[in-house]
Amino acid sequence: MRFRVAQDEVGDSIDILVVGGPTHVFGMTWPSTRKSAAEQAPGELVSRGRGM
């Protein structure tokens, strides 16, 4: 299942939620690197807005 927008709440049926993200060397991505990656993506992005 692919969501285009992060949900505001996690349903009661969820026992565990694991969230991660891409990292660059020693930290999380910067807005500029995410923008660059979006510009280079060969297809449609799953989410262009907020996410977890």
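This report describes a predicted model of a protein, from its overall fold to selected residues.

## Confidence and overall architecture

The model is predicted, and the protein has an average pLDDT of 75. A score of at least 70 is reached by 75% of the residues.

The protein contains two strands and one helix. Along the sequence these elements are arranged in the pattern β-β-α.

## Surface and burial

The protein has 52 residues, of which 4% count as buried. Its accessible surface amounts to about 5,100 Å². Carbon and sulfur atoms account for 57% of that surface.

Leu17 is located in the segment before β1. With a relative accessible area of 47%, Leu17 is classed as partly exposed, because this value falls between the limits of 20% for buried and 50% for exposed residues.

Thr29 is found in the loop between β2 (27-28) and α1. The relative accessible area of Thr29 is 16%. Thr29 is therefore buried, since the class requires a value under 20%.

Apart from neighbours within four places in sequence, the residues in contact with Thr29 are Pro22, His24 and Arg34. With Arg34 there is also a polar contact, which joins the side chain of Thr29 to the side chain of Arg34 at 2.7 Å.

How many salt bridges does a search of the whole structure find? The search finds one. A salt bridge links Lys35 to Glu39, and their closest N and O atoms are 2.7 Å apart. This pair meets the distance criterion because a salt bridge requires the side-chain nitrogen to be within 4 Å of the carboxyl oxygen.

Both Lys35 and Glu39 belong to helix α1, where they are four residues apart, or about one turn of the helix. Are these two residues buried or exposed? Lys35 has a relative accessibility of 53% and so counts as exposed. Glu39 has a relative accessible area of 56% and is likewise exposed. Each assignment follows because the class of exposed residues begins over 50%.

Key: Residues numbered from 1 in each chain as written. Predicted model: local features only at pLDDT ≥ 70, side-chain atom pairs only at ≥ 80, totals over all residues. Heavy atoms only, no water. pLDDT = per-residue confidence, 0-100. Buried < 20%, exposed > 50% of the residue type's maximum accessible area, 1.4 Å probe, protein only. Areas by Shrake-Rupley, 256 points an atom, 1.4 Å probe, with all protein chains shown as cover. Polar contact = N/O pair within 3.5 Å; in protein donor to acceptor, adjacent residues only side chain to side chain. Contact = heavy atoms within 4.5 Å.
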